[in-house]
Protein chains: 2
Amino acid sequence: MATDNQQKLLQKNKQYVATFDKGDLALPPAKKYLVVTCMDARIDPAAAFGIDLGDAHVIRNAGGNAKDAFRSILISEHLLGTREIVLVKHTGCGMLTFSNTDAASVIEKNGSKVPHALDFQPFSDLEKAVESDVQWLKANGSLASGVEISGWLYEVETGEVRQVA
Amino acid sequence: MATDNQQKLLQKNKQYVATFDKGDLALPPAKKYLVVTCMDARIDPAAAFGIDLGDAHVIRNAGGNAKDAFRSILISEHLLGTREIVLVKHTGCGMLTFSNTDAASVIEKNGSKVPHALDFQPFSDLEKAVESDVQWLKANGSLASGVEISGWLYEVETGEVRQVA
């Protein structure tokens, strides 16, 4: 029995298929860049950041975290030819609202097993978190050399994005 | 000096802001679900899977990998109240095209440092990879109990999605 969300997925996908005409796009991103951003429900990267289908890899996780995205970034660069990283964090991020101790205690309270030594990677200063991720990427010897790396902030209140690093 | 991709981002974002009227959405996903899918440039989850702004977390990485998404999934469930996981892998995935040895040798050839013991998590059978991730999630004691988990395949050739697990 399909859930409400599964039913909506199937119904909306049927409409998507009816007008779909991009079946021959190449595997490597045409514009040779990748975007790292947050999983937050209030961000639609394609619409907000103007990414056309086939143009860029989009990596999303809690916080738009560069370290967490590392495996994907290396694959994108070294195996699929991207040469530019656009990292976008956002206002009102959930990662600003809890500590590792808070996360562990909620998981325990929910009756689930607290994973051993997992860093949930919360942060307390948004702009510093962008700068710190950009610096970490720039200093990382595993990335391809000459990759362009920039850091941005997205405002969930206005839809506006601005460069900060 | 902004790159072409940065200039397009700014230009398209200006248009997005001009008609943006969703500045008051809540932080937790309204429809209490999360989507895990691939970073592949040929996937637009919001459009293809019918996700309205504010409705769902979207986690993306190379391969739509559940283990890689673990930190984000725990945060989504335990701290932001989602209760359903929709995992979508896709045809023509880059993860079907290389081995860990291949990845390491390309990184080395590019003059970059091969990261120690990094599993790039490629796979050789698409449908089995979906099933295996769904099983891994269902057996994982750190997830909240009673979470609905389903596995899907997206066809980049047609835009169609179908449930496989």
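Let's start with the interface. About 7,100 Å² is buried between chain A and chain B, and carbon and sulfur atoms give 59% of that area. One caution before I go on: this is a predicted model.

Who takes part? Chain A brings 85 residues to the contact, and chain B brings 85 residues. Polar contacts join 45 residue pairs across this interface. On the chain A side, several elements each supply at least two residues, among them helix H1 (4-18), helix H3 (70-79) and strand E4 (148-154). Which element gives the most to that side? H1 of chain A does, with 9 residues. By type, the chain A side divides into 42 nonpolar, 25 polar and 18 charged residues.

Now the salt bridges. Between chain A and chain B the count is 6.

Take A:Arg71. Its partner is B:Asp68, and their closest N and O atoms are 3.0 Å apart. A:Arg71 sits in helix H3 of chain A, while B:Asp68 sits in the loop between strand E2 (56-61) and helix H3 (70-79) of chain B, so this pair joins two chains. Are these two residues buried or exposed? A:Arg71 has 3% relative accessibility, so A:Arg71 counts as buried. B:Asp68 is buried as well, at 16%. Another bridge pairs B:Lys8 with A:Asp55, at 3.4 Å from N to O.

Next, a pair inside chain B. B:Asp55 and B:Lys31 form a salt bridge, with the closest N and O atoms 3.6 Å apart. B:Asp55 is in the loop between helix H2 (45-48) and E2, and B:Lys31 is in the loop between helix H1 (4-18) and strand E1 (33-38), so the bridge ties together parts 24 residues apart in sequence. B:Asp55 is buried, with a relative accessible area of 8%. B:Lys31 is partly exposed, at 41%. Both residues belong to a network of salt bridges that links A:Lys8, B:Lys31, B:Asp52 and B:Asp55.

Chain B has another bridge to show. B:Asp40 and B:Arg42 meet at 2.8 Å, N to O. Both of them are buried.

Last stop: A:Gly159. You'll find this glycine in the loop between E4 and E5 of chain A. What does A:Gly159 touch, leaving out residues up to four places away in sequence? The list is A:Tyr154, B:Asn13, B:Tyr16, B:Val17 and B:Phe20. A:Gly159 has 0% relative accessibility and therefore counts as buried.

That's the tour. Thanks.

Notes: Residues are numbered from 1 along each chain as its sequence is written. Chains are lettered from A and ligands numbered from 1 in the order in which they are written. This is a predicted model: local features need pLDDT of at least 70, side-chain atom pairs count only at pLDDT 80 or more; totals for chains, interfaces and linings use all residues. Side-chain values use heavy atoms; hydrogens and water are left out. Contact means heavy atoms within 4.5 Å. Buried area is the accessible area (1.4 Å probe) that two parts lose on being put together, summed over both. A salt bridge is a side-chain nitrogen of Lys or Arg within 4 Å of a carboxyl oxygen of Asp or Glu. A polar contact is a pair of N or O atoms within 3.5 Å; within protein, one must be able to donate a hydrogen and the other to accept it, and residues adjacent in sequence count only if both atoms are side-chain atoms. Helices (H or I, at least four residues) and strands (E, at least two) are DSSP runs, numbered from the N terminus. Ala, Val, Leu, Ile, Met, Phe, Trp, Tyr, Cys and Pro count as nonpolar, Asp, Glu, Lys and Arg as charged, and the others, Gly among them, as polar. Buried means under 20% relative accessible area, exposed over 50%, partly exposed in between (1.4 Å probe, protein chains only).
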